[in-house]
Amino acid sequence: MALMFGNLQAPFFWLLVSLLAAIVGAGILPWDNSAERWLPDWLQSVDVQWRVVSTGLCVNFVGVLWLLGKGSGKAESKPLQSNLEVVKAESRAALKQTSWQSTGTAEQFEDSFSWMDFCCSTGRTDTASSSGSSVIRHNSYGGAIDEPVWLQDDSTLHPKFCGYRLKEPGIMPCLDRFPSELLGSNVPPHWEFMMPNCGDQERMKCGEVRERVRHVRGAKDPITMLRFLRARQGSVDAAAKMYESAMRWREGTGYELGFRLNNKDDWLHRKVDSCWPPTALLGKDYDGDPIYWNRMGLGNLEFLEKAPTEFLIQHEVYTITRLMQAMEEASRLNNRPIMHFTVVADLGEMSWRSFNNLKGIMKYKVCVRTLEDNFPELVKRIIAIRVPKLAYTLWNIASNFFDEGTRAKIQIADGKHTMKVLSEFMDPKWVPEALGGTHRIGNSAWCEPCIPCPRGPPSDETMRSLQTAYDA
């Protein structure tokens, strides 16, 4: 989903490459993967590390200038600057009016060098055929033959939203829709004193925010107030301002309310669910909070480029609304407020192709910005797994610059250490077999279809329906 890593694009990888150049240039990088602490004593100094990072930043600046000047390097591609200007104009129009006329077309994807396969030895290990399970075979993966149960009528949802219902792994969850109810309408008053890591001072500030926004239509339950307060680092004024802006946007578009009350047609969104975003709620961490799996490497930027911006924004709101409904349902069943989830971002299948489509990236950033501005504080921590060895090494250096609280919220693991890091936060029974855990659904070591593993963009029929519905 677009909840995190919204700024991860081509310049980021320029930074990684340039930092590597700086370190190698200094002659301090022995590639000994067996050593846990390979840095020499003199490089343990934060000052020296900062000089190395600064050198990398300078090289990165030059690389970004080259990128902006040369574009993607394909003779048949549109000029990069022109492409960005078009996307920025389209994005502004979409955010302002929540409508846009799609004008761009995407080139066919070409086979490309896989950055992750080169940097990480961990690849896709699920070789089981989907033909052995009628649950896994469905036509939302760009043309497979069977229609899944969640598309046969309007009473069910994609399993990607229902995995938190499972008490034990290994089976398919109930796919019934969540109850039709307004946000915050069923929050008991005593939950105000049960919110995670919330003390008296923070509760008092939540009351102040509620008083400041009493004239604004929208949910004012303790959970909502706390999310906006924490999104603005405890500033009552800033939280009230953010709440007012967000609630006016949410009411003005009507997306969230329509999806919550099931009176907004979500047929096309359910058709796209298996392809975008490649994310899912499945399992619990050690605190009992949901785990949100994000197979970022399977995200299809060609689909983002072709899909109308208005649909993409609606789809992000649709997705986050379903996630919030799942947490609200579990909160009632467990009689405690469940406010956030642990994100596991799998970078295992990412390649250079993931960063070559700048128009798709710019649309992705619009969606991320929409969610950050209007649906704050849903992420408990982020665990990035199967990260390239280079990025993993650089994180071990950069993490020294962060405080302990920030380091606790962001965990990085390469292919070798993936299971070790995941087991610190969740029971291995909830980790897919393909990643080293014991969770398997049917013949799928990736727990498909609960965790979508798309093999391409939506079908041509779905794309034509999108264009017809949003370009009319």
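**Figure 1. Network of salt bridges in the predicted model.** A salt bridge is a side-chain nitrogen of Lys or Arg within 4 Å of a carboxyl oxygen of Asp or Glu. In this predicted model, such contacts link Asp-285, Asp-287, Asp-289, Arg-336, Lys-380 and Arg-381 in a network. By this rule the model holds 30 salt bridges.

**Figure 2. Salt bridge between Asp-237 and Arg-212**. The closest N and O atoms of Asp-237 and Arg-212 are 2.1 Å apart. Arg-212 is partly exposed, at 42% relative accessibility.

**Figure 3. Salt bridge between Arg-322 and Asp-266**. The side chains meet at 3.1 Å, N to O. Arg-322 lies in helix H11 (residues 309-334), whereas Asp-266 lies in the loop between helix H8 (255-260) and helix H9 (267-272), so the pair ties together parts that are 56 residues apart in sequence. Arg-322 has a relative accessible area of 2% and is buried. Asp-266 is likewise buried, at 4% relative accessibility.

**Figure 4. Salt bridge between Arg-369 and Glu-372 within helix H12**. The closest N and O atoms of Arg-369 and Glu-372 are 3.2 Å apart. Both residues belong to helix H12 (residues 358-374); because they are three residues apart there, about one helical turn separates them. Arg-369 is partly exposed, with 43% relative accessibility. Glu-372 is also partly exposed, with 37%.

**Figure 5. Aromatic cluster of Phe-161, Phe-259 and Tyr-318**. The model has seven aromatic pairs. One of them is formed by Phe-161 and Tyr-318, whose ring centres are 5.7 Å apart and whose planes stand at 85°, so the pair is edge-to-face. Phe-161 is in the loop between helix H4 (115-119) and H5, and Tyr-318 is in helix H11, so this pair ties together parts that are 157 residues apart in sequence. Phe-161 is buried, at 1% relative accessibility. Tyr-318 is buried as well, with a relative accessible area of 0%.

**Figure 6. Edge-to-face pair of Phe-228 and Tyr-243**. The rings of Phe-228 and Tyr-243 are 5.3 Å apart, centre to centre, with 75° between the planes. Phe-228 lies in helix H6 (residues 222-231) and Tyr-243 in helix H7, so the pair ties together parts that are 15 residues apart in sequence. Phe-228 and Tyr-243 are both buried.

**Figure 7. Arg-295 over the ring face of Trp-446**. Arg-295 lies at 3.4 Å from the ring centre of Trp-446.

Figure 8. S1 runs antiparallel to strand S2 (residues 290-294), and four bridges join S1 and S2. Thr-279 has Asn-294 in S2 as its bridge partner.

Technical notes:
Residues numbered from 1 in each chain as written. Predicted model: local features only at pLDDT ≥ 70, side-chain atom pairs only at ≥ 80, totals over all residues. Heavy atoms only, no water. Buried < 20%, exposed > 50% of the residue type's maximum accessible area, 1.4 Å probe, protein only. Helix = DSSP H or I, 4+ residues; strand = E, 2+ residues; numbered from the N terminus. Phe/Tyr/Trp six-rings, centres within 6.5 Å; stacked < 30°, edge-to-face > 60°. Lys NZ or Arg CZ within 6 Å of the ring centre and 35° of its normal. Pairing = 2+ DSSP bridges.
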